Every structure is written in structure tokens, then in C-alpha cells.
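Thanks for coming, everyone. Let me put the model on the screen and walk through it.

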Amino acid sequence: MPPVVDNHSNSKMPLSNTDMAAVASMREHKQCHDIIRIDDLHIAIDLKGTDLEVVRGASFRIPAGKTVALVGESGSGKSILAQSILGILPRVARVTQGSIWFREEVDDDAIDLTSFADNSAERISLRGGKISIIFQEPMTSLSPLHTIGNQIGEALELHRDISRKDVEPTVVDMLRLVGFPKPEAAFSMYSMELSGGLRQRAMIAMALVCNPALLIADEPTTALDVSMQAKILGLLKELQEKLHMAVMLITHDLGVVANMADEVVVMYHGQIMEAGPVESIFRNPQHDYLKALLNAVPDLDMAYDAKLESLRDIEHEIPKSMLRDADIRQSAPNTQLLSVSNLSKSFVTKKSKGWFGGDKTIVRAVNDISFDVKRGECFGIVGESGCGKTTLLKMLVRALTPDSGNITWQDQDGEIDMLSLDGEKLKEFRQKIQMVFQDPFSSLSPRSTVLNILKEPMEVHGIGSSREQAEYAAELMRLVGLQPTFLGRYPHSFSGGQRQRIGIARALALRPDLLVCDEPVSALDVSVQAQVLNLLKQLQSELGLTYIFISHNLAVVRYIADRIAVMFKGQIVEMATREELFENPCHPYTRALLEVVPHADLDHPLDFDRINRDMTVEGREWEAPFASVIGGDDLEMIDLNENHQVRVLRGTNPDQLIS
Amino acid sequence: MIPTLVLASIVIFTIIQLPPGDYVESYIGELLAAGESVDLERVEYLRAEYGLDQPMWKRYLLWITNFVQGDFGYSFENQRPVSEVVGNRLWLTILVSFATIILTWVIAFPIGIYSATHQYSWGDYGLTFLGLLGLATPNFLLALVMMYFAQTIFGVSIGGLMDKEFIDQPMSWPKFWSVLEHLIVPTVVIGTAGTAAMIRRIRANLLDELEKQYVITARAKGVPPFKALVKYPLRMSLNFFVADIGSLLPSIISGAEIVSIVLSLQTTGPLLITALKSQDMYLAGSFLMFLATLTVIGVLLSDIALGFLDPRIRLQGGADK
């Protein structure tokens, strides 16, 4: 990656503060002055005496009332840049050079925020009053000990001259504005009583209650489901228009950028690679990094056989011993491998009311699920958090025992009833199914070397001598495109993508036939995501593996899966081959999901009006024939054609649905 | 709570009964050592009188039923009811303990907060060093050293909890003043180790909390630094501290015995040790039972306080994972 800091040629941004003529001409248009102008900003982190520059000469502007998206991978310095605007840098970081000019109104004098200490009265009165921020993690960014009303009201009392009795009505109004169904009740609730989406709404209410001139949104929807993401984005856009504020949107999701931004700033390794209006960034990208980034994102509009171009491709090598397995596996393609029928699992939760006692509620996490997986295919399962996909997967690897149903395994040695296995037989069988986990950081023990991590499965199953295991571990490393010399290292010295490849190598150590992948790329940066997806795809075809691939990201599943099941509230509502599902979605839930995915394409914007109107996220109700009439067992999967099933009322005529 | 106390009483009683012999035997041993003759009939009489010839479970039942009714038994050694022997000293013990706890808090909190907010500064290093020094010094040694200096430099005897002339006198201003004066050294001595430990814990807990996202949220909201510290992370780190109160009470009461002996304080600590040495079983048993009850009450209190302080505990109680 050549470190070019070349700003967009047709950018109209007055980047230096000497460019007064441009600024003066803008003053004529009331809306068009810059609220923030960042000028050659350098930020350094103190690492035990030596400075590490994490932001190296960034310059850009944020015009009043507009949205500027700051795009970059993790570690590119975008969050710390936001913190420097607010003056909440961590203790080890400081601005070493450059200035941040802030001007609230056109006629105000610009003040350089870097000339004040972070805790000076000037900065404190700006924070929360004129400039606010919302964070990525709605689960941790609110205090668990204080009520929502207290936390929102606090900002109000700090920055506005308001009498104590006026606080509550103002806060309640704000909560109503951000879409709380019962704002009066929410005022005295604690954050843990709210869902993730509502917490993020509360956070937005807190940021906006003082009517700031600039809102910094630091990955505001990354931790949310796609339908909730669409709603929060819609809310931000609506509020921005109502309150006439500028938004600085920090994100790595180009789909979000295309839907929200007026101007885009692309950051890489602390430097700005490219900046300009959203039109020219998407239609006419100049910088290699930006072009590569745009090609690395799986999209719902790309051709079905198109290959993602990852920023850094990896060379890998299949060991000879594995090729033999591959031949055996590929000798019988398209035969049935795994058959799941009528699988169910319920959990009992106690909902405590008051100090003592409580009611028990039964949650049907997986409810009567049936599907088949053929040898050599990739079976994708899509659903939002809480739909039961992880529970399903845990039952498939026999980590949870289902309440009822059957799982049958079929291979050259005959048919096996998986649920009847126990003891030694189960242990032996486990070699056939292995798992790749979501979080590459917590799924590798920080105290084991990579060699030990890769050897452990073989040790557990007593395969080979210690030397053979070590040799095989080296082969596994080459298999996922890592140097065998890395075997002596510990996981912390690897990047997220490399860790995930180690996780894949570990899963392949026992030469399984079926690999179960639980959101394997959702914790990775977009550029690395393409790399890991491509690796998984190649391994599948070269080794003849079968995958069950779980994700909440429709574009990712569309890229990798051959057949896809859509899960909703513990049930499969639609199941079809890939083209069939995306070309002719039938179930309203599938359609809704497809509608709320933001595309990295300016010609394909989200319909925010429609998303905002549709308030039935949680208690979603379908129209006939997709809704249950008696509340339960009157729905079944029917065939639309041989490749497409959908869950409707029993006895519905399939021809009715194809229209 | 009740089952815990019942179990505790059984364990206490069994342990007290574990060493061979009983009070009468050690009493005889003492008499013999003093060169006096012992009348065997008198021995048997004493045994029967005190119920020592009964089987163990009967003695336990007798003891525990009386205990519940407020009759704590009879101290052989002091020839007085246990309630009288302990009663006098209990108030003084509670006084010393509370003074110690408050001193611990008053010193530990500001230092812990300073250390956490100025991590790796010279102040933090210096205070950490002092704290570790306090943690490592044995209490009784400190007591001896302080007594020596008080005697040689200030010329005052700081042994005891009040000047000799006030012992067994009714409460008066001079007596109260004398008690306060004498309280300083014991509280400092008993409190050092606890203070040092508490500084370390406040610092560690607060450091964890300071990094949390909600603290950054508060700062981003424009909450002034000191208020942001007290309202959010400090409040959060109080949890451990409240949970600690339960174990604080008994540990201070029982942990101070040796110091109390060195400083000859009229608290319950030395009493317990002599009682255990001479197998004065009702005195020791009742006393240990007090400690157990205090612990259980302390834990209950801190649980209730936690419920009030932390909505997560209040609202999620009993949820199955």
C-alpha cells in the first residue's frame, strides 16, 4: 500500500485555514460554513517513553448540517480522532501538532480546541452541549447503576439553565422523539431493562438532549442487527433534519456510508487517503486503497459467481495426506450427509418481579426445525440475534441435547443416529464435525502457543505421536496460508484475520467432513473478511468439505452458501437455493431483511421513510397465510418448487404464493 | 441464614470439645501444680454441677437452647455468668472496632482514589510503597514499637483503654476523654494492615472501572472530572466494598486479639484466648457464637445494601442463565 496522502482532485474542501477566500464565500450561504475544520492534526500515543503516531497529519472539515463519514479499518485512527475533537483522549494519547477549529455559527470566531486543556471549562461546556457522541456498544456505554432519566437529565442540567422540575418533561419529550414506545416509563428504568436497540436510542437521546451542533456517531450500528441498524440510521437521519446538526459518522461499513454521508473521508494507518463528496468517492474512486476496499465488500447486487478481491490474497498449500481424504469425500457428491428432523429445544428463564419470587417463562429457542445437508455443499443459516441459530448449532455439535427430534449422519460407513451416541462412540464421532467460532480473540487460549492449539485436538483423540502431530501442525499452518515458523508464537502476536485462520486450521486438524462456522467473519474488518471468506471457499472445493455457515449478514451468506435457510424466532421460515431465495423471496420476513440491508451503492438507497413507519420490529406480525391463526401448530413448510420451501398455513396452495 | 447459624453452632461446639479433657481437669491440674490436695468427691460434684458428665449432644442442646433464650452459660474461670464477663468488654470492643473501621475508610478512600487516578505517578508509587509497608508489618510489632515511643518520647503509658483510675468508674467526661486518648494508638495499630489492603483494593477496582465505556460517556457528556469520578466509577467500585462489610466485623474483632494483649486492652479478644486456653467452654462457645452471628448479620446487611445500591442485583436476582 503506497502511503499517498493525495486528497481528492475535485474536492471542494478548504483544507488550510489560510484559504480564507473560500471560507468567506461560504459565509454567504448560511448553511454552508464548517463547524469543524481539522488542520494537519497529529496525535501520538505514549508507549513507555516512545511516541507512536496514530494520526499523522489529518485535515478535513465538517460542514454545518451535513454528514461526514470517516471510513477506515480498525486501528486506522478514526476513533481517536473523534476523541480528540471532544477532548476525551485516553491518558496516554495527546495532540502533538495541528489544530481543530470549531465555529458554531457563521458569524462566530473560530476557536482552536487544541489550545485548551481537555479538562478546561471551555472544553467541558462544549462536550455534551455543542458536540456530543454516541458509541458502538449500547450495552456498556450507559451506566448500569443510574436510571435512563437520570443520565439523560444530567446532560441537560449541566449545559442548560433549566429548573429541576422541567428536567423530566424535557427528557421524556426527547425519549419520545427517539422512538421509545413508553417514554414516561423509560425515564425511571435502568439500562439493563432495555434491549440493545432501545439502549442505543437512549444513548442518542442523551447525546441530542442539549441540541448539539455536531453529533459524532462512532460505529453507532455495528453492534446491532440489520433491521435495528436500518431503524437507528433512519432515526439519525430524521433527527439530523429536525435539529439541523452536523453528523460525523465513523464506520467501516461502506453500505452505511452510501446511505448516510454527504462527504466521505477515507483513513488508513492514521492518514487520510481520499476525501470528497459521496458521489465522487463511490463513482470515481481515485486511491488504490479505496478501490480495493470497494471491491472487497460482498454485496447483494454482485453476480452470483463473482469473486471478492481481498486486499491481501493468501497463498495456501494442501498437504498430500489431506488430498486423499478429499478424493474419498468427492467420490460421492450430492449424497445426503446430515439430516435434521423436527429438532426442538426450550429454555426456562425466571423473570423476577420485585424482591422475591418470580414467574417462569419457557423460551422455545429452536422450534421444530428440519433440514438436510448434502455432501460438499455450503448450507447457510441467516437470522437476527436471538433467533436460535447458535442453539441449533450447539445441538448439531452435540454440545446441547435437544428436547426432541432427530439428527442423522450418513457417510460411507452407513447411517448413524447422532443423538443416541454417547461415551467413547460420541468422542470418536466428534472428529467428523468441527466448529469455527465467531470471536477470533476469545476462542484461542492466550496462554498456549499456536503449536499447542493445533496439537490439542489430536492429543485429545490420541492421533499420532508427538512428532507426527507437530509435523501435521506445520502442514495445517501452510493449509491456511501461514508460515510454519509461526508455530512457536502466542495468539496475541497475530491479527484478527490470522487468528481466525488459526481457528480454521484447528477445526481442520481432525480432518472433519463437516465444518460448522458460527459467524466466522463478523468480527473481522471488511478487507480481512474477503480474505477469510475466499480461503473458506477454496478449502471447501479443494478438500471436498461440507459447511454449515451461520451469519446475520445476508451478503456474506449470499457469497458463500449454496442453499440458505432463514430463521425467525426459532423456526425456519424460508429455505431455498441461493439464486431462488434472493431472486424470488417469498416470506415477508425474508423480504423485510433484504430491504433493510444497506448497499454500498448510491443508486440503491434504503427507504428510510418506510423503515421508520414500520414500527413492528419486536412483535412482528405477518399477514395470512404466513401468520398462525391459532398461535402455534397450524404452520408448515410447503414446497414452492423443488428448490424452495416456505412456512405458511397448512393447506395453502403454493400457486397462490407465486405472483 | 438460620440453617447457617445452626451449622455454625454445631461446628463451634464440636471444635471446643475436641481437645481432651474439660475445664475441671485443667482446674485440677492447676491446683496440683500449686501443691494443693484435691478432693475427688469435689471433682465429681463439680462435674455434675456443670453438666460435664452428660453426653455431648445433651450438653449441646442444653447450651444452644439456653443461648437462644439469652442465657449464655457460666464462665468457670471467672465464676460469673458469661453475659456479665463478655458484656463489659463487648462495648469496648465495638468501640475500638468501629473507630478502626472509620479510620480505615477515612485514610484508605482518598489515597486509593488518588492512586487510581494518578496511576504510575510518583505519588502513586510512594503511597503504594507505604501501603505495602503497612501490609507487611505485623500488628503486634507495630504495637510494641509505638508503645515504646509513646513511653520514651511522650512519657505516657498508652496501654489499656483508659487511665487506671477510671476502670470500673461510671461514665464521665474525663473518663470519655481518657478513652478517646487511649483509642488513638490501638486504632492506628489495628487499622494499618486493613487500610493498606483496602487502598490496594480500591485502587485496583477503580482502575478497572475508569477504563469502562460508561465513564467515557459521562466525560463526553461534559460532566466535570471530579463529579464524573464520584458519580460513576467510584459508585461502581463501592460494590466490592459493601460486600466486604460482612467479613469486616468479625475479622476486626478477632484479628485484634494479639494486639489487645500487647496493649492490654479490655476488649473481648484477650478474653477469648484465655477462655480457649483454659477450656472454659461456655465462655468460648458463646463468644464464638457471637462472632458467627455477627458475620451472618454482616453479610445479610451488606447483601441488602448491595440490593439498594445496585439495580442489577435488585432486578436480576434469581434469573437462570
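Start with strand E17 of chain A, residues 514–518, in this predicted model. 5 of its 5 residues are buried, so the strand is largely enclosed by the rest of the structure. Buried means under 20% relative accessible area, exposed means over 50%, and partly exposed lies in between, with a 1.4 Å probe and protein chains only. Strands here are DSSP runs of E with at least two residues; helices are runs of H or I with at least four, and both are numbered from the N terminus. Leu514(A), Val516(A) and Asp518(A) point one way from E17(A). Leu515(A) and Cys517(A) point the other way.

A word on conventions: residues count from 1 along each chain as its sequence is written, and chains are lettered from A and ligands numbered from 1 in the order written. Local features need pLDDT of at least 70, side-chain atom pairs count only at pLDDT 80 or more, totals for chains, interfaces and linings use all residues, and side-chain values use heavy atoms, leaving out hydrogens and water.

Now the neighbours of E17(A). Two strands pair if DSSP finds at least two bridges between them. Strand E16(A), residues 433–436, runs parallel to E17(A), joined by 4 bridges. There, Ile433(A) has Leu514(A) as its bridge partner. Strand E18(A), residues 546–551, is also parallel to E17(A), with 5 bridges. Leu514(A) stands opposite Thr546(A) in E18(A). The chain gets from E17(A) to E18(A) through helix H18(A), residues 526–543, in a right-handed β-α-β crossover. Right-handed means that, with the strands pointing away from the viewer, the path from the first strand over the helix to the second runs clockwise.

Back to Cys517(A). How far is its sulfur from the closest cysteine sulfur? The distance is 7.2 Å, to Cys378(A), too far for a bond. The disulfide rule asks for a pair of cysteine sulfur atoms within 2.5 Å. Cys517(A) has 0% relative accessibility, so it counts as buried.

Next sheet. In chain A, E2-E1-E4-E5 is the order of an open, antiparallel sheet of 4 strands. The edges are E2(A), 50–63, and E5(A), 111–112, each pairing on one side only. E1(A), residues 34–47, joins E2(A) through 11 bridges. Leu47(A) has Thr50(A) as its partner in E2(A).

On to the interface. 32 residues of chain B contact 35 residues of chain A, contact being heavy atoms within 4.5 Å. About 2900 Å² is buried between the two chains, and carbon and sulfur atoms give 60% of that. Buried area is the accessible area (1.4 Å probe) that two parts lose on being put together, summed over both. Arg219(B), Ala220(B) and Lys221(B) supply 21% of the area that chain B buries against chain A, more than any other three residues.

Salt bridges last. The rule wants a side-chain nitrogen of Lys or Arg within 4 Å of a carboxyl oxygen of Asp or Glu. One of the pairs is Glu154(A) with Lys221(B), at 2.8 Å, N to O. Inside chain B, Arg203(B) meets Asp124(B) at 2.9 Å. Arg203(B) sits in helix H8(B), residues 173–210, and Asp124(B) in helix H6(B), residues 122–136, 79 residues apart. Both are buried. Finally, shared partners join Glu154(A), Lys221(B), Lys227(B) and Lys231(B) into one salt-bridge network.
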